[in-house]
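Dear colleague,

Please find the structure below, together with its sequence. My notes on what was found in it follow, and I would be glad if you read them with the structure open.

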Amino acid sequence: MESAATPTHCPYCALQCGMNLTPLPQGGVEVTERADFPVNRGALCGKGRTAAQVLSPEVRLTVPLVREGGRLVEAGWPEALDRIAGRLGAVRERYGPDALGVFGGGGLTNEKAYALGKFARVVLGTSQIDYNGRFCMSSAAAAGTKAFGLDRGLPFPLEDVPRTGCVILVGSNLAETMPPSLRFFTELRENGGTLIVVDPRRTRTAEQADLHLAPRPGTDLALALGLLHLVVAEGRTDEEYIRERTTGWEEARAAAMAHWPEYVERITGVSVPELREAVRMFCEPEAAMVLTARGPEQQSKGTDTVGAWINLCLATGRAGRPLSGYGCLTGQGNGQGGREHGQKADQLPGYRKLDDPEARRHVAGVWGVDPDSLPGPGRSAYELLDALGTDVRALLLMGSNPVVSAPRAAHVEERLRSLDFLAVADVVLSETARLADVVLPVTQWAEETGTTTSLEGRVLLRRRAVAPPPGVRSDLYVLHELADRLGVEKGFPTDPEEVFGELRRASAGGPADYSGLTYGRLARENGVFWPCPEEPEGSPGAGGHPGTPRLFLDRFATDDGRARFVAVAHRESAEEPDAEYPLLLTTGRVVAQYQSGAQTRRVAELNAAAPGPFVELHPRLAARLGAADGDPVAVVSRRGRAVAPARITGAIRADTVFMPFHWPGEGRANTLTNPALDPTSRMPEFKSCAVRVEVLGPAE
Ligand SMILES: Nc1nc2c(c(=O)[nH]1)N[C@H]1C(S)=C(S)[C@@H](COP(=O)(O)OP(=O)(O)OC[C@H]3O[C@@H](n4cnc5c(=O)[nH]c(N)nc54)[C@H](O)[C@@H]3O)O[C@H]1N2
Ligand SMILES: Nc1nc2c(c(=O)[nH]1)N[C@H]1C(S)=C(S)[C@@H](COP(=O)(O)OP(=O)(O)OC[C@H]3O[C@@H](n4cnc5c(=O)[nH]c(N)nc54)[C@H](O)[C@@H]3O)O[C@H]1N2
Ligand code: SF4
Ligand SMILES: [Mo]
């Protein structure tokens, strides 16, 4: 039964490329092209092509581990589960439910994210749950919700990109982070449209652009305001649209007018002629888009920054119209769905708010509990990690590797070590799992069925294609067994389709409404865009609600149907360079490694392509420091010191250095990063902090 090709989707990023999986007679699984999925049409990046290698028992966990005398030793499932339930129960008894923490991930399927959020609130009774998506797109989500009343990363399918007139890509290196999507931007240019890329580095993506703006890290807010200033000064606003479809323009306009182009040039390093050229390119065509990714978002002012880019779209009538709009390129495999169904500190399923009495009543009804028994909102991801060992004494972690990926990682590692008890469910022995008291080996994408929601808001069915190695169980099984041991016998099924059935009901009527979706439909239709409410019986259109590929064309999701401008002003980053730390560090990704590297660092071909960390230095900076290409250099910030070889490149600003964050150990970029948080989204400032660089002498 499990020998034919199974159509499914990649385990890694939010593009969720379609692929076929075929088990091989000699063991192992082959990844082959699946041309019927419109987003990648068969194309895969190296990570997707090699993803099946991480299914091998050689590189992964296959037996539960428990800590004995300081060491992790193999144990049976009942013993490992008993130990977790026993310790969580004991900590709750002694310190109360909020001493229990839960940390999730945007790579978990909708079913898992939903079950994890329910487990925290119903079984543990804790408010202390959050997840790694907080480190990802939370600023864009906050700004989108404010402006449009709804956060769906892209309000249109990627297939619209080639047909618009101009796209401004702000802080996205999609040529490396979502390679098959580059095609849409190449087609845009072939069709006569233009591409503007905003990035302090001349990346592979920036190389494709008609115009590359290279601002200082952390100054995108000023840049967007400067562009809006010019839009007004040059009479390029769409007054009728502003009048009919928006509110708040006067205040936003006044705020933008305080940002003169010459002032913006001084802050950003982007020249006035470049600003004017960008405005011309963006405003001349009929339709245009702004897409942001982590560059402008992972800042302590990320929400205001995205707000300023949305203002630019609204002032020029480029949102909620065909082929126009603002979108966020969400990152993780289920980065969109993972933020909708309740693993976030302030949230209930269906993208409902935990502090909304109506939402509490509805979801408590589906869960069969008293609304008053549901805890209130908890701490954000970094604040939760920072509270470990003090207010929060025990943690259950699923789907994240914060020892490598959290800001100020040495401190986070120390907090994890100070816990009374840590349980980690993972597919591999990650750097975080190594610190745990109990490690549970769980099944992966190809071994289980479940849904993810791609960066387009398209809900997809990932299908089981192979059997897991013996001894490995699913995350849903883990939650079921723990709930049972903690006295909640019902409500945590292990069958994903059953969980999805409940998720549908819990989401019904909410902003992210999945109630009209079934596994059968998702399989037949190759994914469906939410919202997709269940249609009342007897309504026309027997096939059910068609789903919503394009949002906001008639009205925005606010009470009055209008989009809201936000009045924002430029402010500095939390840490600006000074005499001691004269440079800016920014961080990001390379094409061959994924996130904390827990999975991709286990694939030889990917390690050969990207063997380790490095520090990008401009030739002028390198000359001043006396560093040659390949020399080990130390990058030092107020949080710590990281060492990696210098990579000298003219593709970066001379006042900025760049490190990828995929590796643990002495080259860990997050030893350096600043956990200064955005006041609204609680996003840490991964994209800028002050550092100095010390040359350690020539490489051996
Ligand atoms: N290969 C690979 N692909 C991935 C991932 C991965 O780890 N590896 N992760 C996935 C996930 S979860 C995510 S969130 C996405 C992320 O996808 P991207 O956002 O494309 O990735 P990053 O490399 O973090 O950042 C993008 C760019 O922002 C630039 N940048 C740095 N500072 C600033 C700034 O202040 N302003 C501006 N405008 N730009 C700045 C960097 O130079 C970088 O080129 O990728 C997804 N895809
Ligand atoms: N300096 C710096 N730091 C960053 C960023 C940056 O740009 N710069 N980007 C941030 C962003 S955008 C993100 S999204 C985070 C991501 O950082 P992490 O949260 O660390 O993400 P991953 O490395 O994907 O970790 C996922 C873990 O879950 C495991 N896993 C995979 N599938 C499953 C499953 O189904 N169940 C369970 N239980 N486990 C599973 C994997 O093996 C892996 O150990 O990093 C953030 N950190
Ligand atoms: S682009 Fe993303 S989804 Fe597509 S194959 Fe690569 S990692 Fe997988
Ligand atoms: Mo992300």
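**Backbone features in the loops**

Phe552 is placed in the loop between E21 and E22, where helices (H or I, at least four residues) and strands (E, at least two) are DSSP runs numbered from the N terminus. Before going further, please note that this is a predicted model, in which local features need pLDDT of at least 70 and side-chain atom pairs count only at pLDDT 80 or more, while totals for chains, interfaces and linings use all residues. Residues are numbered from 1 along each chain as its sequence is written, chains are lettered from A and ligands numbered from 1 in the order in which they are written, and side-chain values use heavy atoms, with hydrogens and water left out.

Phe552 has a phi near 70 degrees, which is a positive value in a residue other than glycine. With a relative accessibility of 10%, Phe552 counts as buried (buried means under 20% relative accessible area, exposed over 50%, and partly exposed in between, with a 1.4 Å probe and protein chains only). Pro531 is also found in a loop, the one between strand E21 (528-529) and strand E22 (563-564), and a cis peptide bond with omega of about -5 degrees joins Trp530 and Pro531. Asn526 is in the loop between helix H20 (519-525) and E21; although Asn526 is not a glycine, its phi is positive, at about 60 degrees, and at 15% relative accessibility Asn526 counts as buried.

**Domains**

The domain assignment, whose bounds come from an automatic or database source, gives domain 1 (6-55), domain 2 (65-135 + 339-495), domain 3 (138-328) and domain 4 (583-695). The centres of domain 1 and domain 3, taken over C-alpha atoms, are separated by 33 Å. Between these two domains, 12 residues of domain 1 are in contact with 11 residues of domain 3, contact meaning heavy atoms within 4.5 Å.

**Cavities**

Rolling a probe the size of a water molecule over the atoms shows where empty space is left. On a 1 Å grid over the protein atoms alone, a cavity is a set of points where a 1.4 Å probe fits but cannot get out, and a pocket is an open set with protein on both sides within 12 Å along at least five of seven lines, while lining residues have an atom within 4 Å of a point. Grid points are joined across faces, edges and corners, and a volume is the space filled by probe spheres set on the points.

The structure holds 8 cavities of 30 Å³ or more, and the largest cavity has about 760 Å³ of space. Its lining is made up of 39 residues, of which Gly107, Asn132, Gln332, Gly399 and Gln599 lie nearest the centre. By class, that lining has 14 nonpolar, 18 polar and 7 charged residues (Ala, Val, Leu, Ile, Met, Phe, Trp, Tyr, Cys and Pro count as nonpolar, Asp, Glu, Lys and Arg as charged, and the others, Gly among them, as polar). Domain 2 and domain 4 each give at least three residues to the lining of the largest cavity.

The second largest cavity has about 510 Å³ of space, and of the 36 residues that line it, Gly171, Asn173, Thr177, Arg294 and Arg589 are the closest to its centre. Helix H5 (174-177), helix H12 (294-297) and E23 are the elements that give two or more residues to this lining. Because domain 3 and domain 4 both give residues to the lining of the second largest cavity, the cavity lies between them.

**Gln595**

Gln595 is in the loop between strand E23 (583-588) and helix H21 (604-609), and at 18% relative accessibility Gln595 counts as buried. The side chain of Gln595 makes a polar contact of 3.1 Å with the side chain of Arg589 (a pair of N or O atoms within 3.5 Å; within protein, one must be able to donate a hydrogen and the other to accept it, and residues adjacent in sequence count only if both atoms are side-chain atoms). Leaving aside residues up to four places away in sequence, Gln595 touches Gln332, Arg589, Phe661 and His662.

The largest pocket holds about 630 Å³ of space. Of the 26 residues that line the largest pocket, Thr145, Gly149, Leu150, Tyr351 and Lys353 are the closest to its centre.

With kind regards
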